[in-house]
Structures are given as C-alpha cells and as structure tokens.
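Keep the structure open as you read.

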Amino acid sequence: MKAAALGAADHQLTVPRRWLLFILPAVLALSVFAFATLQPIQVLPRIRPAPAFRVTDQAGRRLTNEDLRGQVVLYTFRPLRCAAACEPTDAIMRAMQEYARALSADETPLRLVTMLFDSEPLSPETLQAFAQARGADPARWWMVSGDPAGLKQTIGAGFEVYYAAGPDGEYAFEPAIVLVDALGIIRGDYRGRTQNLDVATIRRQIAVLQSEIRNDQGVNRLAYEAAHFFLCYAH
Amino acid sequence: MVVIGLGSAAWLVVRLWPYRYHGLLLEPATPVADFALTGPEGRPVRLSDFRGKVTVLYFGYTYCPDVCPTTLAELARALQRVGRRADQVQVIMITVDPERDTPEILARYLAHFDARFLGLSGTAAEIAAAATPLGIYFAKHEGTAATGYLVDHTATVAVIDRDGYLRLVFPFGTPGEDIASDLIHLLK
C-alpha cells in the first residue's frame, strides 16, 4: 500500500520534469526572440576604425587621432570657402557644441573636429579666424588643417567622404558628420543627401553611445554584446 | 531520461548561444582596401594574397622597446593555441619604421617570436596608405642616444576574415588566449 503511494507520488513528479524538456528551450527561444524584437538595449553599430591623422589646430597644436582616444568625437569636413553648402553642417556643430557643454561630469567628453581640406595647409591664424566666426570654443571644437595628401587619405579612404576641386576652385563633396567612440571606432555616419543629418538624430545617438560606455561593464557587457549580435541598432 | 533531456537542452543552449568575442567585433564588417608592400627577399606582397585565410595585421617596428615585443609574444601564443588550424591564419607585421626595418631585418626579428609570422615593409607613403584607413597612426620622435629615434604608433591588432573583411580589433594588452579563442571562432 505504502509502495503504491510512493509510486504514485513519483509519477506525479515526473510529469513536470518532462515538461521541463520543452519549457526550458521554449523559454530560452522566447527570451532570445523577445530580446531581438523588443530591443530592451539599443546600441550603435561598430562600423570600422576611424582613420589615423596628424593635423594642426587653430592654436597651432599638433592633433592626432590617438590624442582623441577616450573621448567621443564628431567630425565634419569642408573647405575654407563654402558658404551655402556648409551652413547646415556648421549649424549642427554649433548645436552639438552646446550639447557637449551641457554633458554631466560622469559622461565621456564630447569633442568636435572640423577638418578643412583645402589644397594648401591653412595657417593657425586662418583657422583661428574661421573658428571665431563660428563661435567655436577652443576647449571643445577644433578646426584643423594639414598636409593635403595626408588629409585626402584620412578623409577619403578613412572617413569615406570624397571631395574634388572643380576648375573654378569650388569643391564638390557631400556634407557629412561622423561619430567616433572613445575607442576610435566609427559609430555613426550622417550624410547630407543620403541620411538624416539633423541635431535630434545625432543627439539621440550620442545618448545611446554614452549609455553603452557607462553600462558596458561586468555582467551588463553580455547584454550589450547580445544587442550588437542581434543588431539592436538605435535609429 | 530527464537527465539526458536536460543535458541535451544544455548542450543546445551552449551551441546556439551567440559567441562573445574578446576583441571589438565590427558590424557590419567592411572590406579592407587592398594594398601592396614588400615582403621577404624584396618580393611584392598584396593583402589580397591572403584571401581564404584569417589575416592578423599588426603595425610595429623592430626597435620598439616594449609594446611590439609584448604584442608579438601574445600573437605567437595565440597561434600556438589555435593548433593545427594555424595554417589558415597569417600573422603579418607591417613596419612603421621602413628606414631601419629592411625585409631581412624584419624576417630575422619575427622569427624570434614565430617562424610563420610575415614582415612587410615599403615606402612611408605605401605604409601610410595601408595604415591610415585602419586607424593606425605613426610618427617618429626623438629617443635617447642609446635607442636612436622612436616611432609612436597605434598598438591595436586588426583581424581580417577569409573574405577580406575587417572583423575584429584587439586593443593593446589582449591576452593570447583571448585572441586564439576569437581566431578559432572565425575559422569555423
């Protein structure tokens, strides 16, 4: 009688255990599906390394890509003389300078770099006047120039912003802003004619990047890597 | 029955769980522009010659006092751990000091770490064309009388997959075991 009761109890126990065989993989699959579709964590794609460069800023200081490691950087590219075509980009950079100023101390600093790709290297005085005309804070926004061949390699081959001077000396190019993270990886590429080039998008994406930099440690790193794996990209 | 079932489920979870790379995984992977440099005995070597293999690119120089030998030792350890599939991996060091690093000097230096490592040199412009798009900065600066000049350079390691796409970047100091683990996964 006692043995029969025990056998019955065993039987009752084995039923939920069998169900576990189906429930566990189902829960796992559902979790993965939910993570990939609901995207509780969003990231920016790791596009490619930002190119190397050595340039001179408006204070006459040498600036290299290595000097900017550890900081989030927005790059833009233009010739010195470029009125209408460059005004929208300049306006965005001015707005981003204000955004950079307002970042709290625990966030990764945001720096701005405007690369001027004229056919001759520009003097620090010219860069200084150019910076002042745009209200650039020398602690946050650097206007830089350098060897034209080196810049062509950096901007063209590295940032994939192509430009060419026409017979009248005017440059043909697509205005672009490129976002680079603290490790020197390109995380955002905003183009004037082909993608959203606006302050709201860039601010939103920088906030996503700052959140990743702040939280991508310890156990959280697994969640962020999963977000990269499932292409949970912020738009 | 239950134990076998749970074991199978656990095995499935492990097999299907996305692999977490130790290096920075670049997504979407982008193709690396081909370049030509000078290899051993002065023969021309193109990056595209290594299509079909996983290529590990490092930029350094033989007079480098600390960073380069440390990285190369880790890469040698990684290659050892990859084991018999290491023949599908090519480690290349491109010199950032072409004035002093001739192909012969490079070959001799690299053989101290692993005989399978390949050293490439070229003109400063050729090396810059290969380095710049990969984010590798280099510039000479004065050292001491004993060392001569030194070369500041980015110390990351780039990994290009069999199809010529840049897939991973290892920061300086990544252990050889971690590099090996990522390489083994890329070889699957």
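## The interface in numbers

Chain B and chain A bury about 2,600 Å² between them, and carbon and sulfur atoms give 69% of that area. Bear in mind that this is a predicted model. Interface size is often quoted this way, as the accessible area lost when the parts come together.

On the chain B side, B:Arg20, B:Leu24 and B:Tyr137 lose the most area to chain A, together 23% of what that side buries. As for residue counts, 29 residues of chain B are in contact with 32 residues of chain A.

## What holds the chain B side

Several elements of chain B each supply at least two residues to the side touching chain A: α1 (2–16), β1 (24–31), α4 (124–131) and β10 (165–170). The largest share, six residues, comes from β1(B). Sorted by class, this side of chain B has 20 nonpolar, seven polar and two charged residues.

## A helix pair inside chain A

Now over to chain A, where the axes of helix α2 (residues 87–102) and helix α5 (residues 199–215) come within 10 Å and cross at roughly 35 degrees. The crossing of α2(A) and α5(A) is right-handed.

From α2(A), the residues involved are A:Ile92, A:Ala95, A:Met96 and A:Tyr99, and they meet A:Val199, A:Ile202, A:Arg203, A:Ile206 and A:Ala207 in α5(A). By class, that contact has eight nonpolar, no polar and one charged residues.

Conventions:
Residues numbered from 1 in each chain as written. Chains lettered and ligands numbered in written order. Predicted model: local features only at pLDDT ≥ 70, side-chain atom pairs only at ≥ 80, totals over all residues. Heavy atoms only, no water. Axes fitted to C-alpha atoms, helices over the stretch in contact; angles between N-to-C directions. Helix = DSSP H or I, 4+ residues; strand = E, 2+ residues; numbered from the N terminus. Left-handed = near helix turned anticlockwise from the far one by under 90°. Contact = heavy atoms within 4.5 Å. Nonpolar A, V, L, I, M, F, W, Y, C, P; charged D, E, K, R; others polar. Buried area = accessible area lost by both parts, 1.4 Å probe.
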